[in-house]
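Me: I'd like to learn how to read helix packing from a model. Could you walk me through this one?

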Amino acid sequence: MSSVTDHGKPDHRGGGQKAVWTTGGTVFAGVLMLVNGLLGVFAGIAGIAKDDVYERIGDYVYKFNLSTWGWIHLVLGIVIAVVGWGILTGASWAKAAGVALAALGIVAQFLWLPYTPLWALISIALGVFVIWALCTDRPDSAGP
């Protein structure tokens, strides 16, 4: 049941807990993780199914077999999508896991730079935003 706060805004907190949908940055971070995880799954499947689907641009210190990268992206994408869903549902474990996986995703995208440089840079920027959004979200400490 909703009530009205001192500021005239609806109070959607049930049982003293803050509603997940009241924090826009956290919700956006969850959606970004869910979508980025699914895109990672698709990239992983492409790398596994066809080893020559990605072409390396230039010479890069970190060289991996593309099938290996496909498996890395597939597994990491699944885990990131699951944690993104956890953030959207308000699971208590999801914020810390989201920060850790976003950091791991940034490292993976850095190593993936020679194969998809533009998308890797976009994913790194999204990962930085996810970490910021999850680290700056504070639980509602004020009572109803």
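Reply: Gladly, and let's begin with the handedness of a crossing. A crossing is left-handed if the near helix is turned anticlockwise from the far one by less than a right angle, and right-handed if clockwise. Keep in mind that this is a predicted model. Here α1 passes α4 in a left-handed crossing.

Me: Which residues of α1 and α4 make that contact?

Reply: On the α1 side they are G25, T26, F28, A29, L32, M33, N36 and L39. On the α4 side they are W119, S123, L126, F129, V130, A133 and L134. By type, the residues of this contact divide into 11 nonpolar, four polar and no charged.

Me: What else describes a helix pair?

Reply: Two packed helices are described by the angle between their axes and the distance between the axes. For α1 and α4, the angle is about 145 degrees and the axes lie 9 Å apart.

Me: Where do these helices sit in the chain as a whole?

Reply: The chain has four helices and two strands, and along the sequence they follow the pattern β-β-α-α-α-α. Helix α1 covers residues 24-49, α2 66-89 and α3 94-111, while α4 covers residues 117-136. Just after α2, G90 takes a positive phi of about 85 degrees.

Me: What span should α4 have, and how far apart are its end C-alpha atoms?

Reply: At 1.5 Å a residue, the 20 residues of α4 should span 28 Å, and its end C-alpha atoms are 29 Å apart, which agrees. The 26 residues of α1 should span 38 Å, and the distance between its end C-alpha atoms is 37 Å, again in agreement. Helix α2, with 24 residues, reaches 34 Å from first C-alpha to last, close to the expected 34 Å.

Me: How do I read burial along a helix?

Reply: An α-helix has 3.6 residues a turn, so residues three or four places apart point the same way. With that in mind, look at the buried residues of α4: A120, S123, I124, G127, V130, A133 and L134. What covers them includes α1, α2 and α3. In α1, the buried residues include T26, A29, G30, M33, G37, G40 and G44, and the buried residues of α1 pack against α2, α3 and α4.

Me: Is S123 buried or exposed?

Reply: S123 counts as buried because its relative accessibility is 4%, and the cut-off for buried is under 20%. Leaving out residues up to four places away in sequence, S123 touches N36 and Q109.

Me: What should I look for in the interior?

Reply: In soluble globular proteins, nonpolar side chains tend to be buried together. The largest nonpolar core here has 14 residues, of which M33, I87, L101, V130 and L134 touch the most other members. Helices α1, α2, α3 and α4 each supply at least two residues of this core. A second, separate core of five residues includes L66, W69, L111 and Y115.

Me: How much of the chain is buried?

Reply: Buried residues make up 38% of the 144 residues in the chain. As for contacts with a separation of 6 or more, 68% are between residues 24 or more positions apart.

Note on methods. Residues are numbered from 1 along each chain as its sequence is written. This is a predicted model: local features need pLDDT of at least 70, side-chain atom pairs count only at pLDDT 80 or more; totals for chains, interfaces and linings use all residues. Side-chain values use heavy atoms; hydrogens and water are left out. Buried means under 20% relative accessible area, exposed over 50%, partly exposed in between (1.4 Å probe, protein chains only). Contact means heavy atoms within 4.5 Å. A nonpolar core is a set of buried Ala, Val, Leu, Ile, Met, Phe, Trp, Tyr and Cys residues joined through side-chain atoms within 4.5 Å. The expected span of a helix is 1.5 Å times one less than its number of residues. Axes are lines fitted to C-alpha atoms, for helices over the stretch in contact, and angles run from 0 to 180 degrees between N-to-C directions. Ala, Val, Leu, Ile, Met, Phe, Trp, Tyr, Cys and Pro count as nonpolar, Asp, Glu, Lys and Arg as charged, and the others, Gly among them, as polar.
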